Amino acid sequence: MGPSLLYAFSLPLSMSGANIALGLITAIAAWNIFRFRARLVIAHSFWVLLLFFLWAGAAACMAEKSFNVFAFKSFEKSWNYLPMFLIPAIFTFSSAQHRKTADVLFATAAFVVLLGLLQYYFGFRFFFQNWFQEEGLVFQGRFYGFQSHPLHSGALYCLSALCALSFLLYDDIRAERRLFLAAALLILALGVFLTKSRSYYLGLAAGAGLLLAFKSWKTLFIGALAAGILVIVVATIDSDFKDRVNTLRAGRMDDSAKIRLNLWKAAGKMIEDHPLAGVGYGKWKVNILDYSQEFPGWDLDKASFAHAHNSYLMIAAETGIPGLVLILTFWIFLLKEQFKNLRTRMNASPGRAWTFATIAGIAALLVGGFFEHNFLTATPALCLFFFVGLSRCPESPS
């Protein structure tokens, strides 16, 4: 259980730590295969994902009109998805161990958010600030935590908050732990708000709505009412948050939203010009300058060279329509597998809570994907597929 606890502890603190834990899990799996002839059961969804990475490499070669082995660097991303089948292959958890793993994640993530709140509202300085950026956990008015971008933090705390809500709704828990989970949920939701990541305001709403609706329509109504009160309270305290929420309306778009519209138009032109193979995997930044010339008055900023701020358009622009079909097929297969997994989980159990958390998390990422490029980003992938692995992990009696 040690590597899984390290994984849960490291996720909110350091992607390097999460990768080290994943390395340990991979090493244990390799040893089990070599020494005990253990058999890995690789889900169909992962094979579809590998097929997407293969197509991405092939599409890059087609775009360059020459074969280049480095075009297949897309396979590097497969590392972030390994927990989905490595964890079930080597771990058998009791209900108590499942809950301990979840609690370590919630406590660590909530602690980071509380530190962020202290800095955001009271200007606290921490001794570790100069270790990664001088501004610390908050930069330019947005909560970064220990991640490299507020969108990454938004994804991480969105997924963690949905997991806390899932355990609150679908695990058999005592009253004192219910209080802990409710407090963690509140703090983690505040963490999402402080990132000012509108993609994950919508993602959190979508995922939480699913979890509450699966429980009952009455629970959905009560949850929506509580969420509405929380949003009003935070908006009253924080005018920046209020302004950020208001820009979600079409008539109140800010410059960031307007830039996104130009990026989406440019991506659409790339797809129109290269529907089969796209412009080449990883080649957005070398093509966007030329395509931006078709939109007079558009001054590209640094973020514009990164991606299209829309996963669906970005993948289609770089890998063509077949690449988009493959990645959507991957998500569909994954959702089917998770719903099938529900039938094997007892009511009011950690396994059921992990499974519902993954379904809600997938919904959140799919919604967020309309506004940012998150399908292949390490932070949300390492988090979500950690949950997927735990949801599929065999459970032993407590």
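This is a predicted model: local features need pLDDT of at least 70, side-chain atom pairs count only at pLDDT 80 or more; totals for chains, interfaces and linings use all residues.
**Exercise 1. Find how helix H1 and helix H2 run relative to each other, and which residues join them.**

Step 1. Locate the helices. H1 covers residues 2–10, and H2 covers residues 15–36.

Step 2. Take the geometry. The two axes come within 8 Å and cross at roughly 160 degrees.

Step 3. Classify the angle. Angles over 145 degrees count as roughly antiparallel. H1 is therefore roughly antiparallel to H2.

Step 4. H1 passes H2 in a left-handed crossing.

Step 5. Sort them by class. Nine are nonpolar, three are polar and none is charged.

**Exercise 2. Are H8 and H10 parallel, antiparallel, perpendicular or oblique to each other?**

Step 1. Start with the numbers. H8 and H10 pack at an angle of about 50 degrees. Their axes lie 12 Å apart.

Step 2. Apply the cut-offs. Roughly parallel needs an angle under 35 degrees, and roughly perpendicular needs 65 to 115. H8 and H10 are therefore oblique to each other.

Step 3. Name the partners. Leu186, Ala189, Leu190 and Phe193 of H8 touch Leu230, Val231 and Val234 of H10.

Step 4. Check the classes. The contact of H8 with H10 has seven nonpolar residues, with no polar and no charged ones.

**Exercise 3. Describe the contact of H9 with helix H15.**

Step 1. Note the hand. H9 passes H15 in a right-handed crossing.

Step 2. Pick out residues. H9 contributes, among others, Tyr200, Leu210, Leu211 and Phe214. H15 contributes residues including Phe356, Ile359 and Val367.

Step 3. Sort the whole contact. It divides into 13 nonpolar, four polar and no charged residues.

**Exercise 4. What lines the second largest pocket, and which helix gives the largest share?**

Step 1. Note the space. The second largest pocket holds about 690 Å³.

Step 2. Find its centre. Of 28 lining residues, Leu204, Ala208, Gly223, Ala227 and Leu230 are the closest to it.

Step 3. Trace the helices. H7 (150–170), H8 (175–194), H9 (198–215), H10 (217–237) and H11 (239–246) each supply at least two lining residues.

Step 4. Pick the main contributor. H10 gives the largest share, eight residues.

Step 5. Classify the lining. It has 26 nonpolar residues, two polar ones and no charged ones.

Step 6. Link back to Exercise 2. Leu230 is among the residues closest to the pocket centre, and Leu230 in H10 also takes part in the contact with H8.

Conventions
Residues are numbered from 1 along each chain as its sequence is written. Side-chain values use heavy atoms; hydrogens and water are left out. On a 1 Å grid over the protein atoms alone, a cavity is a set of points where a 1.4 Å probe fits but cannot get out, and a pocket is an open set with protein on both sides within 12 Å along at least five of seven lines; lining residues have an atom within 4 Å of a point. Grid points are joined across faces, edges and corners, and a volume is the space filled by probe spheres set on the points. Helices (H or I, at least four residues) and strands (E, at least two) are DSSP runs, numbered from the N terminus. Ala, Val, Leu, Ile, Met, Phe, Trp, Tyr, Cys and Pro count as nonpolar, Asp, Glu, Lys and Arg as charged, and the others, Gly among them, as polar. Axes are lines fitted to C-alpha atoms, for helices over the stretch in contact, and angles run from 0 to 180 degrees between N-to-C directions. Contact means heavy atoms within 4.5 Å. A crossing is left-handed if the near helix is turned anticlockwise from the far one by less than a right angle, and right-handed if clockwise.
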